[in-house]
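Here is a short briefing on one protein chain. Look at the sequence and the 3D view, then work through the points topic by topic.

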Amino acid sequence: MRVMNIIHDSVVDGEGLRTVIFFAGCPHFCKGCHNPRSWNIHNGTEMPVEDVVAEVAGNPLTDVTFSGGEPFFQAQEVCEVAKRLKALGKNIWVYSGYTFEQLIASDDPYQQELLRYCDVLVDGPFLLAERDLTLSFRGSRNQRIIDLTTKREMEKSF
């Protein structure tokens, strides 16, 4: 899979102390994106699942955030990373330009499976006209922070 960067000890990409994996490839091309180099799937470094998991597991004090680019763009590989990190007890946040509704309606089984391993989804594209620097953990007012664990318990739908 293509990874732009892995950073440790972030406090701005989800609750608590987090290791953030920035994946390459994004189909959304949001105007004002904070990481436009990540749009190109050929940027970043090719990393096997095992190396990504080992890098994250090497920092036992942090939970995990998937960002991008678009993590669901490489859903099959990212799903395997998520599965292994959940087995290590990690809480997983994922940022996506797709909405929750788009992801659960997706024909890609790996996108739906990846969603099931995540605890929180920050969904929707970044909209420059909706930019709000006062918001926690999101860049524009249209984006939602969805507690997927609670949603699964309440709806039993995904």
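This is a predicted model: local features need pLDDT of at least 70, side-chain atom pairs count only at pLDDT 80 or more; totals for chains, interfaces and linings use all residues.

Residues are numbered from 1 along each chain as its sequence is written, and side-chain values use heavy atoms, with hydrogens and water left out.

**The sheet**

- Helices (H or I, at least four residues) and strands (E, at least two) are DSSP runs, numbered from the N terminus.
- Strands of a sheet pair through backbone hydrogen bonds, either parallel or antiparallel.
- Here, two strands pair if DSSP finds at least two bridges between them.
- 7 strands make an open sheet with mixed pairing, in the order 3-1-2-4-5-6-7.
- Strand 3 (45-46) and strand 7 stand at the edges with a single partner strand each, so one side of each has no neighbour in the sheet.

- Is strand 2 enclosed or open to the outside? 6 of the 6 residues of strand 2 (residues 18-23) are buried, so the strand is largely enclosed by the rest of the structure.
- Both of its faces are covered. Arg-18, Val-20 and Phe-22 are buried on one side, and Thr-19, Ile-21 and Phe-23 are buried on the other.
- Strand 1 (residues 2-10) and strand 2 run antiparallel, joined by 5 bridges. Ile-7 has Val-20 of strand 2 as its bridge partner.
- Strand 2 and strand 4 (residues 63-67) run parallel, joined by 5 bridges.
- Two residues of strand 4 can be picked out here: Thr-65 is the bridge partner of Val-20, and Phe-66 is the bridge partner of Ile-21.

**Helix packing**

- Two packed helices are described by the angle between their axes and the distance between the axes.
- Axes are lines fitted to C-alpha atoms, for helices over the stretch in contact, and angles run from 0 to 180 degrees between N-to-C directions. Contact means heavy atoms within 4.5 Å.
- Angles under 35 degrees count as roughly parallel, over 145 as roughly antiparallel, 65 to 115 as roughly perpendicular, and the rest as oblique.
- A crossing is left-handed if the near helix is turned anticlockwise from the far one by less than a right angle, and right-handed if clockwise.
- Helix 1 (residues 49-57) lies across strand 1, strand 2 and strand 4, at about 10 degrees to strand 1.
- Helix 1 packs on helix 2 (residues 75-87) at about 40 degrees, with the axes 10 Å apart. The two helices are therefore oblique to each other.
- Their contact uses Val-49, Glu-50, Val-52, Val-53 and Val-56 of helix 1, with Glu-77, Glu-80, Val-81, Arg-84 and Leu-85 of helix 2.
- By class, that contact of helix 1 with helix 2 has 6 nonpolar, no polar and 4 charged residues. In this scheme Ala, Val, Leu, Ile, Met, Phe, Trp, Tyr, Cys and Pro count as nonpolar, Asp, Glu, Lys and Arg as charged, and the others, Gly among them, as polar.
- Helix 1 passes helix 2 in a right-handed crossing, whereas helix 2 passes helix 4 in a left-handed one.
- The axes of helix 2 and helix 4 (residues 109-117) come within 9 Å and cross at roughly 25 degrees. That makes helix 2 roughly parallel to helix 4.

**Two loop residues**

- Glu-130 sits in the loop between strand 6 (120-123) and strand 7 (144-147). At 28% relative accessibility, Glu-130 counts as partly exposed.
- Phe-137 is also in the loop between strand 6 and strand 7. At 23% relative accessibility, Phe-137 counts as partly exposed.
- Phe-137 and Val-12 are 125 residues apart along the chain, yet their C-alpha atoms are separated by 6.1 Å.

**Backbone points**

- Most residues other than glycine have a negative phi, and most peptide bonds are trans.
- Asp-9, in strand 1, has a positive phi near 65 degrees.
- Phe-29, in the loop between strand 2 and strand 3, has a positive phi of about 50 degrees.
- Gly-68 and Gly-69 are joined by a cis peptide bond, with omega about 10 degrees.

Notes
Buried means under 20% relative accessible area, exposed over 50%, partly exposed in between (1.4 Å probe, protein chains only).
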